[in-house]
Amino acid sequence: MTDDVSVANFTRINYFPTMVYQYDVKDKVDLNNNLLELTYAERDRDRVGVNKSNTAELGSWHSATNLHKNVDYQSILAHIDAALAKISAELGYAKDHALKVTTMWSIINPPGNGNRAHVHPNSLWSGVYYIQAPAGAGNIEFIDPRTVLIMNQPKFIAKKKRPRDCWTKVNYTPTAGRMILFPAWLYHGVDTNMSKESGRAGDRVIISFNVNQTRI
Ligand SMILES: [Fe+2]
């Protein structure tokens with residue numbers, strides 16, 4: 001008889017979480033106006049840019065990856081450093097090391113452009129900061145890194161949102177002034193920009209960066 005079976009002492013503990021941080025920058029208007037000008041000026045200066053996960057053949061532009069060395073970007077770097085210090089403190093990272101930006105770049109995705117799924121090799125953390133994100137600009141999608149799960153999947157209740165602990169992907173809608181920080185090994189891609197705005201107002205404009213620990 002199962003009537004006598006009690007599950008009162010049944011517990012669950014989650015191990016090995018995939019940590020994604022979010023940081024909303026206050027007073028973002030001047031910062032974003034300045035970054036927007038800098039980004040378009042950089043594109044004018046370096047029309048070719050580099051070809052990474054962006055869809056260059058459709059008009060997506062990706063800058064060179066050394067923007068963190070340019071003094072014009074120190075204001076956004078200060079915000080990134082503040083977020084990284086919080087991560088180091090929260091996760092108990094060695095106090096004689098600091099998380100520092102090792103590469104930083106900007107991307108302009110006009111309508112019709114996205115970014116193929118990818119990871120960021122040779123880094124601990126990566127991040128994105130949204131400078132401009134019109135409605136429909138394209139979500140960033142993170143994909144469950146536990147790839148062995150594709151071997152078998154449970155059936156879930158139809159048309160009911162799964163518990164968050166059972167998701168296999170998660171989407172963030174880009175919001176100007178928001179920074180998302182994520183493990184560099186976490187696969188992610190960016191949906192096609194479907195903005196209906198015309199001209200530059202329809203562009204999805206971001207700064208992205210990679211991070212490693214350095215001794216201080
Ligand atoms: Fe990326």
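**Close-up views of the iron site and the nonpolar cores**

Histidine 120 is buried, because its relative accessibility of 7% falls under the 20% limit. The model shown in these views is predicted.

**View 1. Histidine 120 sits in a loop**. This loop runs between E4 and strand E5 (125-132). The side chain of histidine 120 makes a polar contact of 2.8 Å with that of asparagine 210. Beyond residues up to four places away in sequence, histidine 120 touches Trp105, Ser126, Ala184, His188, Ser208, Phe209 and Asn210.

**View 2. Three histidines hold the iron ion**. The protein donors are His118 (NE2), His120 (NE2) and His188 (NE2). They lie 2.1 Å from the iron ion. Their spacing in sequence is H-x1-H-x67-H. Histidine 118 belongs to strand E4 (residues 115-118) and histidine 188 to strand E9 (residues 188-190), so this pair ties together parts 70 residues apart in sequence. Histidine 118 is buried, at 17% relative accessibility. Histidine 188 is buried too, with a relative accessible area of 3%.

**View 3. The largest nonpolar core has 29 residues**. Leu35, Ile76, Ile80 and Met104 touch the most other members. Helix H1 (28-45), helix H2 (74-91), strand E3 (97-109), E5, strand E8 (178-183) and strand E10 (204-215) each supply at least two residues. H2 gives the most, with six.

**View 4. Leucine 35 and its contacts**. Setting aside neighbours within four places in sequence, leucine 35 is in contact with Tyr73, Ile76, Tyr129, Ile131 and Ile207. Another core, of twelve residues, lies apart from the largest one. Among its members are Val128, Ile140, Tyr172 and Val190.

Note on methods
Residues numbered from 1 in each chain as written. Predicted model: local features only at pLDDT ≥ 70, side-chain atom pairs only at ≥ 80, totals over all residues. Heavy atoms only, no water. Donors = N, O, S within 2.8 Å, 3.2 Å for Na, K, Ca; no water. Helix = DSSP H or I, 4+ residues; strand = E, 2+ residues; numbered from the N terminus. Buried < 20%, exposed > 50% of the residue type's maximum accessible area, 1.4 Å probe, protein only. Polar contact = N/O pair within 3.5 Å; in protein donor to acceptor, adjacent residues only side chain to side chain. Contact = heavy atoms within 4.5 Å. Core = buried A, V, L, I, M, F, W, Y, C linked by side-chain atoms within 4.5 Å.
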